[in-house]
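My entries follow the model below.

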Amino acid sequence: MVTHSSKWTIATLGSHSALQILKGAQDEGFKTLAICKKGTEKVYKQFGVADKIITVSDYMDLLKIQDKLIKDNVIIIPHASFIAYIGPANIEKLKIPYFGTKSILEHESDRNKEKKWLEAAGLKLPLIFSKPSDIDRPVIVKFHGAGGGRGYFLAKNTADFEKKIKNHEGKEYTIQEYILGVHMYAHYFHSPLTGETEIMGFDKRYESNVDSIGRISARDQMALPEEQIDPSYLIVGNIPVVVRESYLPRFLEMGENVVKISKKIAGRGLYGPFCLECVITPEGVIYVFEISARIVAGTNPYIHGSPYSWLRYDEPMSTGRRIAREIKNALKDDKLKEVLE
Ligand code: ATP
């Protein structure tokens with residue numbers, strides 16, 4: 001077994017949080033590889049984070065070059081775009097060393113399994129309405145698949161739902177209680193080597209058009225055509241946030257409980273980076289409406305570390321670098337098998 005980080009290459013697809021993942025790997029002494037779709041290589045060249053770039057016409061080509069990558073001691077770090085483009089079924093069959101528990105992905109992508117997991121961890125979730133006729137409060141209607149929040153709509157009652165769903169015939173959806181409060185995305189890292197769950201940071205999202213509607217007066221909103229004024233949630237960026245300090249113990253406990261339950265439902269359980277997507281109400285109740293069981297783009301503002309990683313590490317420690325540090329520590333202790341699948 002090659003135990004020095006310089007003999008290993010950390011790779012991911014050139015998208016989502018690849019800049020941070022690759023920069024973090026370089027900082028920990030690894031070689032880096034970006035697998036880019038034609039036309040996107042420019043960015044990874046410009047920022048100097050990739051020692052090598054492989055250009056593909058389709059991300060699925062990754063599956064064809066696996067054997068070569070294995071020979072070159074490549075380790076794959078998944079992110080949301082990686083999971084969306086390669087797909088959980090192919091990831092399950094992937095032969096290249098992979099950072100993370102593959103079987104956790106189905107508990108993240110299947111809304112019923114996700115609900116069971118989070119509820120077992122004692123988290124508070126928005127209600128789900130299984131039939132439109134049950135709607136008795138404002139709801140958000142979410143479509144399945146990687147739409148990135150495009151087209152999600154709010155409905156105030158069953159009649160409103162029936163009217164708005166007409167524009168979305170044939171699509172699968174979930175009707176969820178709409179929670180009015182501020183959004184808070186909590187980033188964690190669970191180390192299988194130390195057994196500790198660390199708080200890495202928080203962010204909020206910048207979503208179009210919901211984050212722009214409030215910039216025009218109610219009078220002007222009323223003057224716009226309905227389809228323009230209906231909120232949609234297409235994420236276009238992330239904004240760093242520091243959470244009220246007295247909320248930290250609760251956030252930490254939530255992360256720890258999610259990891260604890262994950263070990264009962266999926267192999268070695270959840271490890272590495274993950275995120276709880278929350279809304280906090282004026283009463284201080286923290287609702288969790290989703291979990292991301294991998295690095296989230298909300299960690300991208302913290303390439304040089306967040307206030308929390310600064311407190312803990314006293315050196316720049318992005319989530320990407322924290323992943324590389326875990327792999328490096330595992331190499332040092334001859335425990336690579338504990339962090340790779
Ligand atoms: P991703 O997979 O990138 O997290 P998604 O398509 O699964 O996105 P969600 O994150 O579930 O979508 O929701 C998109 C946005 O909708 C959220 O960022 C938030 O602004 C809003 N939202 C989702 N659920 C609720 C809820 N129950 N109450 C209030 N707002 C919500």
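I noted the basis of the model. It is predicted, with pLDDT of at least 70 needed for local features and 80 or more for side-chain atom pairs, while totals for chains, interfaces and linings use all residues. Numbering runs from 1 along each chain as its sequence is written, and side-chain values use heavy atoms, with hydrogens and water left out.

Next I looked at the shell. It holds 18 residues, and the closest are Lys142, Tyr152, Tyr185, Glu207 and Glu290. I sorted the shell by class and found eight nonpolar, four polar and six charged residues. Tyr counts as nonpolar, Lys and Glu as charged, and Gly as polar.

I turned to the strands. β6 (139-143), β8 (173-177), β9 (182-190), β10 (197-209) and β13 (286-292) each supply at least two shell residues. Strands are DSSP runs (E, at least two residues), numbered from the N terminus.

I listed polar contacts (N or O atoms within 3.5 Å). The side chain of Glu207 comes 2.5 Å from a ligand oxygen. For Lys142 the side-chain distance to a ligand oxygen is 2.8 Å. Gln176 places a polar side-chain atom 2.9 Å from a ligand nitrogen. Last, I checked cover: the ligand alone exposes 610 Å², and the protein buries 89% of that (Shrake-Rupley method, 1.4 Å probe).

Technical notes: A residue is near a molecule or strand if one of its heavy atoms lies within 4 Å of it. A polar contact is a pair of N or O atoms within 3.5 Å; within protein, one must be able to donate a hydrogen and the other to accept it, and residues adjacent in sequence count only if both atoms are side-chain atoms. Helices (H or I, at least four residues) and strands (E, at least two) are DSSP runs, numbered from the N terminus.
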